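Please look over the sequence and the model below. The paragraphs that follow take the charged side chains in turn and then move to one helix.

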Amino acid sequence: MPKTSATSSTLTSPPVPHSRRWWTLSTVALAQLMVVLDSTVVNIALPSAQTDLGFSNGDRQWIITAYSLAFASLLLLGGRLSDLIGRKRTFIIGLIGFAAASALGGAAGTFGLLVGARALQGAFGALLAPTALAVLTTTFTIPKERARAFGIFGAIAGAGGAVGLLLGGFLTQNLDWRWNLYINIPIAVIGVIGAIVFVDHLERTGPRPKLDIPGTILVSGALFGLVYGFSNAETDGWDSPLTWGMLAGAVVLLVAFVLWQRRAAHPLLPLVIVLDRNRGAAYLSVLIAGAGMFGIFLFVTYYLQVSLGYTPVQTGLSFLPMIAMLVVAAQLSTNIFVPRFGPKIMVPFGMTLGALGMIYLTHLDLGSTYAADVLPPLMILGFAMGSIMPASMQTATLGVDRQFAGVASAMVNTSQQVGGSIGTALLNTLAATAATNFLAANTPLTAAVAADAAIHSYAVAYWWGAGFFAVGAILAALLFRRMGHGVSLSNPHGTPAAAPNEVPLPVH
């Protein structure tokens, strides 16, 4: 078996039987679904949890923020640990830890304990998510199978938020808000069994690289400051010293991290991973799509429940057609369109559809109906995400040396999580400002004026979301390489496909 001279250690494994590859995909997809849906499943349960535990309106955002802070700031560390201590071992540890943190949160009797449990969930999610994608990356190396696998995985990653809304509504309405956390325990148990049986253990030979402690501290602090700063803007506003202090500190730490990675002997994030033009474009596309999609879930949920009076279950069911369209688009993209046209066509196409779907949503008002006014834009947005995510995720991890698959995969999750956090905070702040200005301009204040102010604030958020997708379409069209130039999704080097147990090195 050939070895590359560009690596200090080599990972070897026997070829994985074809039938077990798809069981491996089922296992990692289940884990990914658990992590992604946990970002939204608690949203619908928040009012019930607040009534039960008695925390204030100002404090309730920390149930969400505690998870995203820990998740975003520790993702790169989680990805690197999976490279260093083994993917199978890291995957199982992440599943067990996530289940334990979920049990702790479900049993929480105080606000503080619930916030702590959510932070623990985020920490173990940061260990689990990049490991799941790295297992997929190193399991499926035959181009045609890889395309199918990433189509399924991308559909799950994109639909996880909507599934969380549906599941959260059902559990809250029919059982108890605590089951939004307890539900992770049986999912994790199934995942652990699947990992033990179907995920291969790859033996490392040669010297073991050391963990980049300074790099870990710098990037974790930077991501923490970035997510915290944007989250703080929701409550304290953009003129808050804490908001700008955190964001400025994040920029300084990010610059220091990049400078350190250029000279570190064992860098946490080898810059060659993100400086590849195609992968950089893929990470940026995931970030922008995440920013737009998290806003969709938030504002459409509020519109359906508050403005139209839907129940939590009805709200969740309303997103099902979007999920179905996302899954269909993901399969069409990865099996037909991406191999033929490449990400340079498919990602801008998906971004353009996303912008059109957002513009469609701006026409919603108090007299709108689901079938005529809500369903069409949701289906458009589902097809948009099904066009963006699989192509971006596959490109982001294609051609990465196997020893860096974990950290390259972590960058996908980091991009999506940071994009979602930035998008949610920014759109929330813009919507709140729009609502305040609308109320000030339409006195006296009545229930009808307040309802119209809410509709106006949602429309402002949708217009900005459309702007996110439009910018994403332009950047993707400019940055992605054309088919046949550099890395290709169907054949990375224009040479015969890599053997099932070898992953090609990056092309520059």
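This is a predicted model: local features need pLDDT of at least 70, side-chain atom pairs count only at pLDDT 80 or more; totals for chains, interfaces and linings use all residues.

The side chain of K344 reaches the backbone oxygen of F480 at 2.8 Å. K344 itself is found in helix α15, which covers residues 343-361. Leaving aside neighbours within four places in sequence, K344 is in contact with A477, L478, F480, R481 and R482.

Which side chain of opposite charge is nearest to K344, and how far away is it? The nearest is D276, at 13 Å. A salt bridge is counted only when a side-chain nitrogen of Lys or Arg is within 4 Å of a carboxyl oxygen of Asp or Glu. K344 is buried yet has no salt bridge.

D276 does have a partner. R481, one of the residues in contact with K344, forms a salt bridge with D276, the closest N and O atoms being 3.9 Å apart. R481 lies in the segment after α18 (447-479) and D276 in the loop between α11 (271-275) and α12 (277-307), so this pair ties together parts that are 205 residues apart in sequence.

How many salt bridges does a search of the whole structure find? It finds two. Besides the pair already described, the side chains of R178 and D52 meet in a salt bridge, with an N to O distance of 3.2 Å. Because R178 lies in the loop between α6 (143-174) and α7 (179-182), and D52 in helix α2 (residues 46-53), the pair ties together parts that are 126 residues apart in sequence. R178 is buried, with a relative accessible area of 18%, whereas D52 is partly exposed, at 43%.

The last stop is helix α8, residues 184-198. At 1.5 Å a residue, its 15 residues should span 21 Å; the end C-alpha atoms are 20 Å apart, which agrees. The buried residues of α8 are N184, I187, A188, G191, V192, G194 and A195. An α-helix has 3.6 residues a turn, so residues three or four places apart point the same way. With that in mind, the reader can follow N184, I187, A188 and G191, which are among the buried residues, along the helix in the model.

Note on methods
Residues are numbered from 1 along each chain as its sequence is written. Side-chain values use heavy atoms; hydrogens and water are left out. Helices (H or I, at least four residues) and strands (E, at least two) are DSSP runs, numbered from the N terminus. Buried means under 20% relative accessible area, exposed over 50%, partly exposed in between (1.4 Å probe, protein chains only). Lys and Arg count as positive and Asp and Glu as negative; His and the chain ends are not counted. A polar contact is a pair of N or O atoms within 3.5 Å; within protein, one must be able to donate a hydrogen and the other to accept it, and residues adjacent in sequence count only if both atoms are side-chain atoms. Contact means heavy atoms within 4.5 Å. The expected span of a helix is 1.5 Å times one less than its number of residues.
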